[in-house]
Amino acid sequence: MIKKMLDGNGAVAEAIKLAEVSVISAYPITPQSPISEKLSEMVENRELDAKYIRVESEHSALSCAIGAQLSGVRACTATASVGLALMFEVLGVASGCRVPLVMPVVNRALVSPWSLWCDHQDSMAARDTGWMQFYLENAQEVFDFMLIAYKIAEDSDVMTPAMVCLDGFFLSHSMQTVSTLTLEEVKKFLPDYKAKNMFFDFDNPMIINNLTPPEEFSEMRLQQEIGFDNALTLLPEILVEFNELYSKNYDIVENYRCDDADAIIVAMGSMTGTIKHVVNEMRKNGKKVGLLKIILFRPFPFKRISSEINSSCSVGVIDRSAGLGAQQGPVFLEVNAALSGRENLYGFIAGLGGRDITEKTIEGIFEKLLDNPDSIEKEWIDTNKDVFDLRKKTVVQK
Amino acid sequence: MSRQSKKLLNQQRSSNSLVGPAGTRYSNVNTGDWRIHKPVVNTELCTLCGQCQDYCPADVINRDNDTGKLIVDMKYCKGCGICDTVCAKKAIKMEKEMEDIRYD
């Protein structure tokens, strides 16, 4: 175990190095660029024995990574925001052909408005592409869950690619102490990559990704659904193994002081660190509040959600993406389904486009929840009153 | 895991199949069956220039090893008529081979 000062991007690069990835085809995009840069440095100074392909776009980046992984090695690419959007077409190829790629996504808003900053819209827009999704709180979790993601994705009963999501700037660029591992320590948990199922097998050649008629399509989709079901069963077991090896305490959701809470916030990503702090402060003042942190978003741990939330408390879900046109944000809709249309469940939109989710915002949400209001519609909790007076029309002076 | 999934998981582990869109059985489709018009070559006009062979999009025109003549492989020729269009000597003519399909 080696302690290093790493930001979220650094933690990603460190994990990719320890996974002994052999092909890298990452296209730079803010706020992921330090990952592409760090990996190129590692290849150049021979810290990592890999081929670095300089692709011209994210569409090619993922296409290359899929091809490389099918040749029998771990391949990697990483992206954010519109980069993920550009590779959208190919996401389905990775998941449909059961290629167990692990791809870091540094969460940043999609355009337009053109933003560089933190928002979950990019990975939320890809939530139905057949990829697993993890949302992490801090650099330590990013490092650990990158390794966990490789193991669960490559399991022969799962064979499903995974996105490891970390908040742009708030996590990707936040320098923290991370307990990293040596290669020998990692190998106790993560075996060498062995290509399974479809791959370039010279002894038993096959056509990969051929046209599939209606008579077979549904069954193939169901095969993927079963892979997700298996992941939901196997991931807790893999976490037990990880926890024992490295003295950790990970779970697919984290129950932070929820058991006797009168009000609970359900949330994902870096904001959960701030929420924990607010929970502690409010508890000192006698307010019984708690946080249910979701780490695993796809497959969605719906049974755990309902088992961790007591029947009487108020529940608020914070969505860091707008979910435009929907009754509520995407995380709310999942939680609502898991809680079977519970009465005191409230949805809040916050932290879009890089807006900081402050202690004040969180405290305000808890106070609202403790008040147990009548059902409120999707609440944009941190917007200013002046919604329209942003960009003035120019006045032509004679 | 739901009961349906558990049953299917066991099915997956015991099956000998690949998961996802893998193709391991190879067969050629008789694309000649798709034809409505067929190319007819007038060997007296044909100068063996090879234009038809060069332009055939299905690559089904080949030179016979013994006679040197250009032969159309009718098992796979789809009757597109490009050979007719490019032949400089008008040695190839497309002829109706099948009745029009009528949906009454």
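1. The mean positions of the 39 positive and 55 negative charges of chain A lie 5 Å apart. Lys and Arg count as positive, Asp and Glu as negative, and His and the chain ends are not counted; a charge is placed at NZ of Lys, CZ of Arg, CG of Asp or CD of Glu.

2. This is a predicted model, in which local features need pLDDT of at least 70 and side-chain atom pairs count only at pLDDT 80 or more, while totals for chains, interfaces and linings use all residues. Residues are numbered from 1 along each chain as its sequence is written, and chains are lettered from A in the order in which they are written.

3. Chain A has a radius of gyration of 21 Å, which agrees with the value near 21 Å for a compact globule of 398 residues. The radius is taken over C-alpha atoms, and the globule rule is 2.2 Å times the number of residues to the power 0.38.

4. In chain A, 56% of the 398 residues are buried (under 20% relative accessible area, 1.4 Å probe, protein chains only).

5. Chain A holds 13 helices and 16 strands. These are DSSP runs numbered from the N terminus: helices are H or I with at least four residues, strands E with at least two.

6. Six strands of chain A form an open, mixed sheet in the order 10-12-11-14-15-16. Its edge strands, strand 10 (253–256) and strand 16 (379–380), each pair on one side only; two strands pair if DSSP finds at least two bridges between them.

7. Strand 10 runs antiparallel to strand 12 (residues 289–294) of chain A, and four bridges join them. A:Asn255 stands opposite A:Leu292 in strand 12.

Definitions and conventions
Side-chain values use heavy atoms; hydrogens and water are left out. Buried means under 20% relative accessible area, exposed over 50%, partly exposed in between (1.4 Å probe, protein chains only).
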